[in-house]
Amino acid sequence: AAAASNATEAMSLRSSNTSLGSSTSSTDEPFPNEPTKQSAPPPPPLAMKKTTLLLATAFVTVIIIVFSLGFGVLRKKSIVGGTRSGPWPACVGQTGDWCKDYVVASDSSLEGHVFVIPAGSMVTGDFDEGRVRIYVDEDGKVARAPSRG
């Protein structure tokens with residue numbers, strides 16, 4: 001009976017060693033103390049980068065347009081005061097200073113924004129409703145009817 005018991009134990013040891021040997025392999029599992037390597041995520045596709053850039057550019061453009069329109073409306077209200085006076089044909093042939101006083105008297109919101117300049121002078125090309133330029137000839141007389149802009 002003892003011999004049969006020893007043979008059964010030997011068989012069970014052999015089968016457990018076989019199952020242990022087949023389940024573990026040196027290439028399947030990393031060493032216990034070795035850190036596992038993680039790969040970096042793949043970079044986003046080029047189309048995604050272009051789309052993001054396009055959306056960002058569109059957003060910035062819309063913001064700039066909205067702010068420029070908003071400030072333009074506020075500026076017109078504060079400087080122009082809602083009036084649309086001018087041109088002033090009565091100034092033609094008068095002195096530049098007389099015309100300047102006449103324009104400011106007709107619209108007080110233009111005070112500080114009326115300029116007497118010689119005819120043919122170089123000026124900026126922008127249009128400003130809150131500005132009046134009075135062009136005078138070499139004698140100091142108004143050459144043409146001043147208007148806003």
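**An aromatic pair in a helix**

Analyst: W98 and Y102 both lie in helix α3, four residues apart, about one turn of the helix; helices are DSSP runs (H or I, at least four residues), strands likewise (E, at least two), numbered from the N terminus. This is a predicted model, where local features need pLDDT of at least 70, side-chain atom pairs count only at pLDDT 80 or more, and totals for chains, interfaces and linings use all residues. Residues are numbered from 1 along each chain as its sequence is written, and side-chain values use heavy atoms, leaving out hydrogens and water.

User: What makes W98 and Y102 a stacked aromatic pair?
Analyst: Rings of Phe, Tyr and Trp (its six-membered ring) pair if their centres lie within 6.5 Å; planes under 30 degrees apart count as stacked, over 60 as edge-to-face and the rest as tilted. W98 and Y102 are 5.2 Å centre to centre with 10 degrees between the planes, so the pair is stacked.

User: Why does W98 count as partly exposed?
Analyst: Buried means under 20% relative accessible area, exposed over 50%, and partly exposed in between (1.4 Å probe, protein chains only). W98 has 37% relative accessibility, so it counts as partly exposed. Y102, at 35%, counts as partly exposed too.

User: And why does V60 count as partly exposed?
Analyst: Because its relative accessibility is 46%. V60 is in helix α2 (residues 46–80).

User: Which residues does C99 touch?
Analyst: With contact meaning heavy atoms within 4.5 Å, C99 touches C91, I134, V142 and P146, not counting residues up to four places away in sequence.
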